[in-house]
Amino acid sequence: MTAQASFTIDTPTGQQPVSVAYERTGSGEPLLLLHGIGHHRQAWDPVVHILAAEREVIAVDLPGFGASPALPDGVAYDLASVVPVLGSLCGALGVERPHVAGNSLGGLLALELGSRGLARSVTALSPAGFWTQAERRYAFSALAAMRQGARLLPLPAVERLSRTAAGRAALTGTIYARPGRRSPEAVVAETLALRGATGFDATLAAGREVLFTSEVSDVPVTVAWGTKDRLLLRRQGIRAKRVMPGARLVRLPGCGHVPMNDDPALVARVILDTSR
């Protein structure tokens, strides 16, 4: 069941309230799951039940995405703002230094949490921030095109497309290597989440100058990349390894940019191995 955590954050105009939607299940050491730009916490649904057998899983809708409201006016969607929000969320939930797994934008946030000593372990799946400027422009153009398509397509058309494998590929083939495995209901829900993401444009704008250059050396770190990632090409994993030589670099054969759907068992194993 979805819940809302409410707390206050410091802003240039004083303290402001923030609410974040999340789902919490399982038992064991806490594991925070962070999705990518334009997505929502349901991106993790294929692996949650596996992870929950060993971990207390907290799947989050990032501010301005899914069921989480936008950040207060004047608060940027950059690392300097969003990482403290996630730290305050953990405090509100009574969680100290969880394991963190993130995908894409969520992977970048997970690494930043690790670099600031706010995570016990970090698993970053195709994390943002290891691109060249040309690769970033390509990825941002693809994301903007997906967003535009989600906003222009009428709901009946989205529902009709979702009922066929070819239609699901048209809607989500940029991020999944095996879009036919997504259920029609999941494809409709994530298309609507992309359409309604109030934080999308500001997050994309904030990412234009992002490069992750910090060493995350005090906790276990795994960077995993799908061999069929069409959005952030897998050679970016080599750059991540150069930035963080102590990190484990793992290939995810046959997986796309959002690998939790393409191979749930493999992704869950990588996350649990890191958190052990």
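Reader: Which residues of helix α5 are buried?

Author: In helix α5 (residues 155-162), the buried residues are Ala157, Val158 and Ser162, where buried means under 20% relative accessible area and exposed over 50%, with partly exposed in between (1.4 Å probe, protein chains only). Helices (H or I, at least four residues) and strands (E, at least two) are DSSP runs, numbered from the N terminus. This is a predicted model, in which local features need pLDDT of at least 70 and side-chain atom pairs count only at pLDDT 80 or more. Residues are numbered from 1 along each chain, and side-chain values use heavy atoms, leaving out hydrogens and water.

Reader: What puts the buried residues on the same side of α5?

Author: Ala157, Val158 and Ser162 cover an arc of only 135° around the axis, and therefore they lie on the same side of α5; the arc is that of the directions from the helix axis to the C-beta atoms. On the other side of α5, Pro156 and Arg160 are exposed.

Reader: Why is the pair of tryptophan 131 and phenylalanine 140 called edge-to-face?

Author: Rings of Phe, Tyr and Trp (its six-membered ring) pair if their centres lie within 6.5 Å, and planes under 30 degrees apart count as stacked, over 60 as edge-to-face and the rest as tilted. Here the centres are 5.5 Å apart and the planes stand at 90°, so the pair is edge-to-face.

Reader: How do you know that tryptophan 131 is buried?

Author: Its relative accessible area is 8%, and the cut-off for buried is under 20%, so tryptophan 131 counts as buried.
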